Amino acid sequence: MIKRMLVPTFSLFMFYSGFGQQVAGKLKFEQGQTFEITLQIKTTIAQEAGGQAIDFNVDASGTHSYKVTNVTPDNTTLHHQVN
């Protein structure tokens with residue numbers, strides 16, 4: 001029973017992943033540009049150990065920067081650095 005459901009589901013997934021969104025045009029980068037991406041994560045973990053409830057609150061952030069180091073008509077080189 002599971003195999004009968006798994007094969008059509010997998011086939012449908014592969015069909016849609018093969019026909020995803022298309023990019024209309026090229027991305028344009030200029031040498032020396034810097035892109036910064038900041039990620040922020042906030043999570044709460046609740047667990048119980050020995051009859052006592054323990055809660056953990058985690059706040060984290062990370063900054064990534066990408067610098068365009070080389071641009072040619074058919075290739076762009078980015079340098080990645082975690083700050």
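Reader: Which strand gives the most to the nonpolar patch?

Author: Strand β2, residues 52-72, gives the most, with 3 residues. Keep in mind that this is a predicted model.

Reader: Which residues make that patch, and what is its area?

Author: I45, I54, F56 and V58 make a nonpolar surface patch of about 300 Å². F56 sits in strand β2.

Reader: Is F56 buried, partly exposed or exposed?

Author: Start with the cut-offs. Under 20% relative accessible area is buried, over 50% is exposed, and partly exposed lies in between. F56 has a relative accessible area of 40%, so F56 is partly exposed.

Reader: Let me step back. What pattern does the chain follow along the sequence?

Author: The pattern is α-β-β-β. That gives 1 helix and 3 strands.

Reader: How do I read the sheet? In what order do the strands stand?

Author: Look for which strands pair. Here 3 strands form an open sheet in the order β1-β2-β3, with antiparallel pairing. β1 and β3 stand at the edges, each with a single partner strand, so one side of each lacks a neighbour in the sheet. On average, neighbouring strands of this sheet are turned by 25° against each other, direction ignored.

Reader: How many bridges join β1 to β2?

Author: There are 16 bridges between strand β1, residues 34-49, and β2. The two run antiparallel.

Reader: What lies between β1 and β2?

Author: A hairpin turn with 2 residues between the strands. In the turn, G50 has a positive phi of about 60°.

Reader: And over how many bridges do β2 and β3 pair?

Author: Over 8 bridges, in the antiparallel sense. Strand β3 covers residues 75-82. A hairpin joins β2 to β3 through 2 residues. V71 stands opposite T76 in β3. K67 stands opposite H79 in β3.

Reader: How do side chains sit along a strand?

Author: In a regular strand, side chains alternate between the two faces of the sheet. Now look at single residues here. S65 is found in strand β2, and T69 lies in strand β2 too.

Reader: Is S65 buried or exposed?

Author: Apply the cut-off: buried means under 20%. S65 has 10% relative accessibility, so S65 counts as buried.

Reader: Which residues is S65 in contact with, leaving aside its neighbours within four places in sequence?

Author: S65 is in contact with T34, F35, E36, H79, H80, Q81 and N83.

Reader: What about T69: is T69 buried or partly exposed?

Author: At 36% relative accessibility, T69 counts as partly exposed. Not counting residues up to four places away in sequence, T69 touches Q31, T77, L78 and H79. T69 and Q33 are 36 residues apart along the chain, and their C-alpha atoms are separated by 8.2 Å.

Reader: Now the whole chain. What share of the residues is buried?

Author: Buried residues make up 2% of the 83 residues. The accessible surface comes to about 7,900 Å², and 58% of that belongs to carbon and sulfur atoms.

Reader: What share of the contacts joins residues at least 24 apart?

Author: Count contacts between residues at least 6 apart in sequence. Of these, 41% join residues at least 24 apart.

Note on methods. Residues are numbered from 1 along each chain as its sequence is written. This is a predicted model: local features need pLDDT of at least 70, side-chain atom pairs count only at pLDDT 80 or more; totals for chains, interfaces and linings use all residues. Side-chain values use heavy atoms; hydrogens and water are left out. Helices (H or I, at least four residues) and strands (E, at least two) are DSSP runs, numbered from the N terminus. Buried means under 20% relative accessible area, exposed over 50%, partly exposed in between (1.4 Å probe, protein chains only). Contact means heavy atoms within 4.5 Å. Accessible areas come from the Shrake-Rupley method with a 1.4 Å probe; for residues, only the protein chains shown count as cover. Patches are made of residues with over 30% relative accessible area and no salt bridge: like charges are joined within 9 Å, nonpolar side chains (Val, Leu, Ile, Met, Phe, Trp, Tyr) within 5 Å. A salt bridge is a side-chain nitrogen of Lys or Arg within 4 Å of a carboxyl oxygen of Asp or Glu. Two strands pair if DSSP finds at least two bridges between them. Axes are lines fitted to C-alpha atoms, for helices over the stretch in contact, and angles run from 0 to 180 degrees between N-to-C directions.
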